[in-house]
Amino acid sequence: MAKYVAAVDQGTTSTRCMIFNHAGKAIVVHQLEHQQIYPQPGWVEHDPLEVLANTRQVVDAALAKAALTPADLAAIGVTNQRETTLVWNPQTGQPYYNAIVWQDTRTDKICQELAREGGQDRFRETVGLPLATYFSGPKIKWILDNVPGVRDAAARGEAVFGNMDTWVIWNLTGGPYGGAHVTDVTNASRTLLMNLRTLDWDDEILGILGIPRQMLPTIRPSSDPMLYGYALGKTPVCGDLGDQQAALVGQTCFGVGEAKNTYGTGCFMLLNTGTAAVPSRHGLLTTVAYKLGNEPPVYALEGSIAITGALVQWLRDNLGFFDFSKHVEDYARTVPDSGGIYFVPAFSGLFAPYWQSDARGVIVGLTRFINKGHLCRAALEATAYQTREVLDAMEVDSGVKLTALKVDGGMVHNDTLMQFQADILGVPVVRPVVAETTALGAAYAAGLAVAEETRAKLYRGWKKAVGRAMHWLEE
């Protein structure tokens with residue numbers, strides 16, 4: 001009898017496979033990074049064939065490490081970077097263009113044109129999202145409009161769309177030879193194309209964007225007893241969740257009002273709102289949290305922050321501050337505070353709660369006193385400030401005052417960041433004892449280390465800095 005479950009986690013910077021035993025303990029993990037491609041300022045792409053090759057390699061390597069065969073696996077689940085958009089030929093499996101990553105801003109003009117009628121919230125009542133470069137729909141339109149031959153291929157049924165979950169599942173279950181062209185409700189809710197209430201593609205929006213319905217995958221539950229298909233021979237593929245919704249489930253935020261924040265390339269805070277799709281009036285997203293089999297869908301409010309961990313990567317790769325990201329904390333600890341500077345990392349504009357695609361990154365408050373330590377500390381503090389802004393909006397929209405924040409992701413190992421996060425929020429930050437499990441640790445900090453007056457002063461400074469970042473780009 002198969003006793004193990006494998007999870008493929010296709011992320012923004014890497015792909016990994018984790019294998020869990022019957023007790024829910026991760027027994028092995030194998031991970032590979034893939035190239036980040038920047039053809040122009042504001043453009044971010046991935047090579048989908050490299051991602052696919054890495055996916056196959058991490059699955060094989062994880063099985064080998066654990067001395068298992070595919071027959072030992074009861075099922076495979078997939079979680080993925082959301083919104084990253086790919087169009088390929090279903091007959092050959094060849095992409096027509098690189099995957100356009102969620103951070104990419106090339107669709108800004110498309111979004112502006114769509115917003116001329118009805119404004120930025122033109123489709124929000126239907127899909128729960130503003131018009132923004134973040135989402136998949138405008139990216140599909142860009143590919144159809146700009147990559148030669150794709151629109152004609154789509155009309156012939158020779159071009160199909162998928163986020164990265166769809167691409168991985170389609171290939172794992174057979175690719176051109178009967179692969180399942182499916183997605184789940186959480187990923188579909190990030191396209192700007194799915195009606196939140198019917199959980200189906202919205203024909204009116206498809207018509208406005210000029211996207212043929214036949215390009216789109218079938219929308220299925222996040223956990224589907226009917227299965228999506230089979231991989232590695234006879235292993236069922238039956239779980240699919242966008243990465244942030246997967247973290248919400250992994251943190252067991254099943255109760256209305258429970259929230260988690262994931263600290264990765266970006267930061268993503270989700271608040272469970274139950275079976276009600278709560279509209280946001282303060283810059284948040286209304287999204288599907290999960291749908292288990294035939295049960296009703298559960299919804300969430302989400303605050304999406306584009307650049308958090310990616311800012312540390314920028315200090316490492318672009319400025320050469322250190323060789324490994326973990327060393328940002330070593331430098332940050334050499335100073336007692338940020339020296340009065342603020343770092344607003346609006347590299348791809350500002351996401352929640354502003355949705356300002358014309359914003360750009362700024363560092364304000366520089367003096368001769370500032371050194372590398374101050375810059376590193378300001379980079380960490382930027383993550384905490386952005387999270388505070390999202391939490392403030394979430395409390396107003398939901399009417400729920402959070403008493404604690406569950407956290408996960410690579411940056412939660414950074415004690416300096418987690419302490420400052422608790423300080424600036426004024427609530428405990430709760431992180432897993434072991435990052436690879438869903439078990440929660442005790443409250444990390446009570447958020448009492450900074451007096452309310454100091455907290456308010458620091459936050460006012462951040463708000464001023466954000467104002468300097470806005471409307472930087474001109475037509």
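How many aromatic pairs does the count come to by the ring rule? The model is a predicted one, in which local features need pLDDT of at least 70 and side-chain atom pairs count only at pLDDT 80 or more, while totals for chains, interfaces and linings use all residues. Residues are numbered from 1 along each chain as its sequence is written, and side-chain values use heavy atoms, with hydrogens and water left out.

**Aromatic rings**

The count comes to 20 aromatic pairs, where rings of Phe, Tyr and Trp (for Trp, its six-membered ring) pair if their centres lie within 6.5 Å, and where planes under 30 degrees apart count as stacked, over 60 as edge-to-face and the rest as tilted. One of these pairs joins Tyr134 and Phe351, whose ring centres are 4.6 Å apart with the planes at 35°, so the pair is tilted. This pair links distant parts of the chain, 217 residues apart: Tyr134 is in the loop between helix 3 (124-127) and helix 4 (136-146), and Phe351 is in the loop between strand 19 (342-344) and strand 20 (362-364). Helices (H or I, at least four residues) and strands (E, at least two) are here DSSP runs, numbered from the N terminus.

The rings of Tyr134 and Trp355 have their centres 6.0 Å apart and their planes at 25°, so this pair is stacked. Ring pairs link Tyr134, Phe351 and Trp355 with Trp102, Phe135 and Phe268 into a cluster.

The table gives the relative accessible area of several residues, with buried meaning under 20%, exposed over 50% and partly exposed in between (1.4 Å probe, protein chains only).

| Residue | Relative accessible area | Class |
|---|---|---|
| Tyr134 | 0% | buried |
| Phe351 | 5% | buried |
| Trp355 | 8% | buried |
| Gln245 | 0% | buried |
| Lys457 | 58% | exposed |

Arg106 is placed over two rings, where a charge sits over a ring if NZ of Lys or CZ of Arg is within 6 Å of the ring centre and within 35 degrees of the ring normal. Arg106 lies over the face of Trp43 at 3.8 Å from the ring centre, and its charged end also sits over the ring of Trp142, 4.6 Å from the centre.

**Sheet and packing helices**

An open sheet of mixed pairing is formed by 6 strands in the order 3-2-1-5-14-13, two strands being paired if DSSP finds at least two bridges between them. Its edge strands, each pairing on one side only, are strand 3 (26-33) and strand 13 (229-231), and the twist averages 30° from one strand to the next. Strand 1 (residues 4-10) and strand 2 (residues 14-20) run antiparallel and are joined by 6 bridges, with Val5 standing opposite Phe20 in strand 2.

Helix 6 (residues 164-172) lies across strand 1, strand 5 (73-80), strand 13 and strand 14 (235-242), and runs at about 150° to strand 5. Helix 9 (residues 243-250) packs on the sheet as well, touching strand 5 and strand 14, and its direction makes about 100° with that of strand 14. Axes are lines fitted to C-alpha atoms, for helices over the stretch in contact, and angles run from 0 to 180 degrees between N-to-C directions.

Gln245 has its place in helix 9. Leaving aside neighbours within four places in sequence, Gln245 is in contact (heavy atoms within 4.5 Å) with Arg82, Thr186, Ser189, Arg190, Leu270, Thr287, Val288 and Ala289.

For strand 17 (residues 285-290), 6 of the 6 residues are buried, so this strand is largely enclosed by the rest of the structure. Strand 17 runs antiparallel to strand 18 (residues 298-305), to which 5 bridges join it, and Thr286 stands opposite Leu301 in strand 18.

**The whole chain**

The protein has 14 helices and 23 strands. Its radius of gyration is 22 Å, close to the 23 Å that the globule rule gives for 475 residues, so the protein is as compact as a globular protein of that length; the radius is taken over C-alpha atoms, and the rule is 2.2 Å times the number of residues to the power 0.38. The C-alpha trace spans about 60 × 55 × 45 Å along its principal axes, and 59% of the 475 residues count as buried. Of the contacts with a separation of 6 or more, 67% are between residues 24 or more positions apart.

Lys457 has its place in helix 14 (residues 452-469). From Ile100, Lys457 is 357 residues away in sequence and 39 Å away in space, C-alpha to C-alpha.
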